Amino acid sequence: MKDLLFEYDMHLDFAPPVEEHRFTLKCIPLTDERQLINRLDVEVYPKEFLSTDKDSFGNYSIYGYTKGKHDRFFARVRGQARTGLAPYLTAKEEHQVGLFKYQTDYTRPGPAILKFAEQFESAAEKYQNLDFATTLMHGLYKNFSYVQGVTDVHTTAEEAMALGKGVCQDYSHILLSLCRIWKIPCRYVVGMLIGEGLSHAWVEVCSGGRWYALDPTNNLIVDDQHIKISAGRDYHDCIVSQGVFVGRTTQTQTVAVRVKEMNP
């Protein structure tokens with residue numbers, strides 16, 4: 001168990017300015033069985049109209065609208081999290097878990113993933129969901145390289161596997177694809193990891209009525225160094241910032257994430 005201080009800053013700059021800006025933000029972690037969130041401070045600019053709700057996956061969402069012209073937009077979230085409170089999350093009823101068994105446009109396997117999966121066919125018969133997913137994770141870690149700049153947010157699991165390299169989003173999509181070949185319920189997670197940089201992505205696997213978190217980028221079972229923000233079928237369900245506006249513009253996004261232990 002750890003007590004962590006976290007900051008999540010997302011900035012958008014527009015040149016020239018835009019108006020009639022409608023947006024959705026998913027950048028706020030929630031308390032659950034594994035983590036306790038407190039001392040939460042959220043700042044959004046501009047914020048003429050704001051409302052909050054949970055989406056269909058239970059993610060905390062901010063919905064907003066700004067009518068006037070503006071050349072910048074930001075969301076800043078600060079708080080404290082106590083992590084590692086439990087080794088799993090209790091899954092909901094089977095019919096609510098079932099949709100996570102099926103491939104999406106991001107995870108649908110092609111020749112590269114199917115060929116890689118062949119080596120695990122015998123192991124699938126011997127292990128339960130969590131142990132088998134962990135075996136898949138170890139195999140992926142050995143055969144995939146972390147390299148920035150070769151993929152982007154639109155890259156699919158199959159495209160990344162064919163390249164043999166990518167970032168946390170790619171590791172997670174590939175592991176989802178592999179698990180779903182064997183109809184293991186699994187979901188994409190966005191969150192924060194101790195250190196400074198960007199947001200992080202990992203996977204939760206349902207086994208025995210419980211969701212267990214695996215971090216394929218770091219080849220480990222998630223313990224107390226991660227803070228979960230959102231979860232869904234793939235990256236698309238967890239996009240931090242989405243919006244539409246009026247105006248022809250060039251937009252530049254910057255994200256800064258900082259997580260440190262309070263009493264190391």
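Helix α4 (residues 129-143) has 15 residues and spans 21 Å from its first C-alpha to its last, close to the 21 Å expected at 1.5 Å a residue, where the expected span is 1.5 Å times one less than the number of residues. Helices (H or I, at least four residues) and strands (E, at least two) are DSSP runs numbered from the N terminus. The model is predicted: local features need pLDDT of at least 70, side-chain atom pairs count only at pLDDT 80 or more, and totals for chains, interfaces and linings use all residues. Residues are numbered from 1 along each chain as its sequence is written, and side-chain values use heavy atoms, with hydrogens and water left out.

Buried residues of α4 include Leu130, Phe132, Ala133, Leu136, Met137 and Leu140; buried means under 20% relative accessible area, exposed over 50%, and partly exposed in between (1.4 Å probe, protein chains only). An α-helix has 3.6 residues a turn, so residues three or four places apart point the same way.

The protein as a whole has 6 helices and 16 strands. Its radius of gyration is 19 Å, close to the 18 Å that the globule rule gives for 264 residues, so the protein is as compact as a globular protein of that length. This radius is taken over C-alpha atoms, and the rule is 2.2 Å times the number of residues to the power 0.38. Of the 264 residues, 48% count as buried.

Leu85 lies in the loop between β5 (70-83) and β6 (89-90). Leu85 is partly exposed, with a relative accessible area of 38%.
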